[in-house]
Amino acid sequence: MSDHYYSEKPTSKRNPSQFQTTLSSITLNFHSDEGVFSKKQVDFGTKTLVEHFKQPEGKGNLLDLGCGYGVIGITLAKRYPDHHVVMVDVNERAVELTKKNCEQNDVQNAEVLQSDGVAEVKDRQFNAVITNPPFRAGKKVVHQMVEDSFDVLNDQGELWVVVQKKQGAPSLKGKMESVFGNAEVVVRNKGYYVLRAIKFDSDIPV
């Protein structure tokens, strides 16, 4: 089967659904469908990432990289109304759902773009990139997301990632360390690791 939640154009038959959930003490309503990640409920990894994320100091936009139907970006947009949140995904159905969910949850400080990785935002800079990567797409894709995140972050901008130990948490942490020069485990919870790396321009070789 070639149709995955990271496919650009999902071919699975539509089966729209809705559900309500509470994240970071914020009650949200989401439209979902076939062909997107964790279609029936917010997965534990995403929930763990959202609830432990802390906005870095300084000003700057936030990027939800691989946004699915918008759980991370919408939650952070509601939590940080003074910040602009950009949500991107290669999956056109996910993008459609995210736009619908922004309206559903009255999110005014966000934009949603269909983008293969950071392709549509590569000329922009962000204060933080937050992602639950598509591990089923393979290690190469996930590691490229780490490299691309570094490129679009401000000085002292932060990359936040959630990964299961069995999905290769040590390997991903090592990749973040090689790209950023640092990486830390923010929290471990039921086999999930929330990882953070900080970009320091002063450490970049000239």
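Is helix 2 (residues 71-79) mostly covered or mostly uncovered? The points below take up this question first and then turn to the rest of the model, which is a predicted one.

1. Helix 2. This helix, residues 71-79, is mostly covered, with 7 of its 9 residues buried. The buried residues are Val71, Ile72, Gly73, Ile74, Thr75, Leu76 and Ala77.

2. Overall composition. The protein contains 5 helices and 9 strands. Read from the N terminus, the elements follow the order β-β-α-β-α-β-α-β-β-α-β-α-β-β. The chain has 206 residues, of which 52% count as buried. Its exposed surface comes to about 10300 Å², and carbon and sulfur atoms supply 45% of that area. Among contacts with a separation of 6 or more, 68% are made by residues 24 or more positions apart.

3. Seven strands form an open sheet in the order 5-4-3-6-7-9-8, and the pairing is mixed. At its edges are strand 5 (110-114) and strand 8 (184-189), each of which pairs on one side only. From one strand to the next, the twist averages 15°. Helix 3 (residues 92-104) packs on this sheet and touches strand 4 (85-89) and strand 5. The direction of helix 3 makes about 165° with that of strand 5.

4. Strand 4. How many of the residues of strand 4 are buried? The count is 5 of 5, and the strand is accordingly described as mostly covered. In a regular strand, side chains alternate between the two faces of the sheet. In strand 4, Val85, Met87 and Asp89 point one way, while Val86 and Val88 point the other way, and all of them are buried. The reader may wish to note that Asp89 is included in this buried set. Strand 4 pairs with strand 3 in the parallel sense over 4 bridges. Within that pairing, Val86 of strand 4 is the bridge partner of Leu63.

5. Helix 4 and the cavity. Helix 4 (residues 139-152) lies across strand 3 (61-65), strand 6 (126-131) and strand 7 (153-164). Relative to strand 7, helix 4 runs at about 155°. The model has 1 cavity of 30 Å³ or more, and the space in the largest cavity is about 30 Å³. Which residues line the largest cavity? They are Thr131, Pro133, Val142, Met145, Val146, Ser149, Leu159, Val161 and Leu172. Helix 4 provides the largest share of this lining, 4 residues. Helix 4 and strand 7 each supply at least two of the lining residues.

6. Strands 8 and 9, and Tyr193. Strand 8 and strand 9 run antiparallel and are joined by 5 bridges. Tyr193 lies in strand 9 (residues 192-198) and is the bridge partner of Arg188. Is Tyr193 buried or exposed? Its relative accessibility is 15%, so Tyr193 counts as buried, the cut-off for that class being under 20%. Apart from its neighbours within four places in sequence, Tyr193 is in contact with Val161, Val162, Val163, Lys165, Ala169, Val185, Val187 and Arg188. One of these, Val162, is 31 residues away from Tyr193 along the chain, yet their C-alpha atoms are separated by 5.6 Å.

7. The loop between strands 1 and 2. Ser24 is placed in the loop between strand 1 (17-23) and strand 2 (26-32), and Ser25 lies in that loop as well. Ser24 has a phi near 50°, a positive value in a residue other than glycine. Ser25, also not a glycine, has a positive phi of about 65°.

Notes: Residues are numbered from 1 along each chain as its sequence is written. This is a predicted model: local features need pLDDT of at least 70, side-chain atom pairs count only at pLDDT 80 or more; totals for chains, interfaces and linings use all residues. Side-chain values use heavy atoms; hydrogens and water are left out. Buried means under 20% relative accessible area, exposed over 50%, partly exposed in between (1.4 Å probe, protein chains only). Contact means heavy atoms within 4.5 Å. Accessible areas come from the Shrake-Rupley method with a 1.4 Å probe; for residues, only the protein chains shown count as cover. Two strands pair if DSSP finds at least two bridges between them. Axes are lines fitted to C-alpha atoms, for helices over the stretch in contact, and angles run from 0 to 180 degrees between N-to-C directions. On a 1 Å grid over the protein atoms alone, a cavity is a set of points where a 1.4 Å probe fits but cannot get out, and a pocket is an open set with protein on both sides within 12 Å along at least five of seven lines; lining residues have an atom within 4 Å of a point. Grid points are joined across faces, edges and corners, and a volume is the space filled by probe spheres set on the points.
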